[in-house]
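Please open the structure in your viewer and keep the selection tool at hand. The stops below are meant to be followed in order.

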Amino acid sequence: MKKTILALLLLAASAGASAQNGTLVDGVAAVVGRNIIKYSDIDRSVAQMRLKQSVGNEAETRCAILENLVLAQLMIHKGEVDSVEVSDDDVKQYVDYYLKNDLRQYGSKEALREATGFAYDELKEQYERMIRNNLLSRRVEYQLTEGVKVTPAEVTEFFHSLPADSLPMMPERYELSEIVIEPAITEAERDRVRAELASLRERVVKGEKFSMLATLYSQDPGSAKQGGELGFFSRGEMVGEFEAAAFALKPGEVSPIVETKFGFHIIQLIERRGNMLNARHILLVPKVSSDDLLRARVKLDSLAAEIRNGSISFEEAARLHSTAANAKQGGTVTNPNDGSGRLDKTLIDELYYNVGIAGMDEGRISNAVPAKTDENRDAYRIVRLNKKHPAHKANLTDDYDNIMNAALAAAKQRHLQKWAKRQLSNTYIHLADPYKDCVFKNIQ
């Protein structure tokens, strides 16, 4: 099951089914201003927790969940009172994204209904309500905490307030630089791919099933097994050339050959629903010649030798010869997850599995190894290990940024708690009998 909002809706569906069978009667657990929290809201959160961990004392767990829901509703209530705007376009963007992923996963509206218990339109309404409330509470939270800052002294104080045995172990991390050479695609190869795709398009026009040909020939691993079907998407989700061609089609129509940074495509429109399309495509990717790849490898090995003997610096070689986006930065590798310059072993194993980073000494430069670009093109690269940060218990010297972020998050949480306590005295709050004995730890 996907770890998206859908997981909550699935739990809601099962709760609803129980209610129909008479084993569960939903009701209002709390009223916050003009908004309500249902028993099922708490039930869903408890069930969601059970999927990940043991719940422990269920009564205390339910009270803690209710406290978090009350805080969220306080922010929603403030947002409504202050007329904080959440545009329909923002909500629609997220709703479309989740519905598209759901349809892509389950394959059809009927399968989606079977899995969730909701018709497509009902699921859409659920998403709209939940996403609107989520965006509203997030914007109110941002407004309430955007002025919260922490000083270096407060970061230090926060760190020393943590019990020594609770300090996390930081994994081994690495700082890298790289030089990448992606050989250019020859015009002869581009012509070959266009001709092959034109032949496939002609076969579709003459009556062969697009989906069958996509399964057999498309080089898009994500959609080929689904007969090339991409699922519903809206404007802004696809690269421009692909999107322009797809939105110009009528249902059943096949596009001319379209070139994008990923390769060459033909597209068939399946269905148009408002501002969303469902389409299938066949992707063929031009290949770099083996001779050109060999020349790239030889050139990089030669560059590595020049860098090692001091004829040129790694940074200058990257600026002059690398075809990667980080060439202007001297080849410095950035962590795609957090924007930092440090990569943990999981990322190294994923992105640099054939380099042997863990066994390299600082300053060492690898030999040329095969690589794939962001567009899945064949290339070669050399990699330098700039610095290795061994696994260690968190400390202020090596992990200041991480500790500062944790201290800032704690400061914002305290600020929200103080705000919530003030709001409780000015906002109508009613708890149902099963929850009247709850002792809120943070906002009461």
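The tour visits a disulfide and then a set of paired strands.

This is a predicted model, in which local features need pLDDT of at least 70 and side-chain atom pairs count only at pLDDT 80 or more, whereas totals for chains, interfaces and linings use all residues. Residues are numbered from 1 along each chain as its sequence is written, and side-chain values use heavy atoms, with hydrogens and water left out.

**The disulfide**

Select Cys 63 and Cys 438, which are joined by a disulfide with an S to S distance of 2.0 Å; the term denotes a pair of cysteine sulfur atoms within 2.5 Å. A search of the whole structure finds 1 such link. Cys 63 lies in helix H3 (residues 58-81), and Cys 438 in the segment after strand E13 (429-431), 375 residues apart. Helices (H or I, at least four residues) and strands (E, at least two) are DSSP runs, numbered from the N terminus. View along the S-S bond: at -75°, the link is left-handed.

Are these cysteines buried or exposed? Cys 63 is buried, at a relative accessible area of 16%, and Cys 438 is buried at 6% (buried is under 20%, exposed over 50%, partly exposed in between; 1.4 Å probe, protein chains only).

**The paired strands**

Next, select strands E6 (residues 258-260) and E7 (residues 263-273), which pair in the antiparallel sense over 3 bridges; pairing requires at least two DSSP bridges. Val 258 stands opposite His 265 in E7, and 2 residues lie between the strands of this hairpin.

Glu 271 faces Asn 278 in E8 as its opposite residue. In the turn of the E7 and E8 hairpin, Gly 274 has a positive phi of about 60°.
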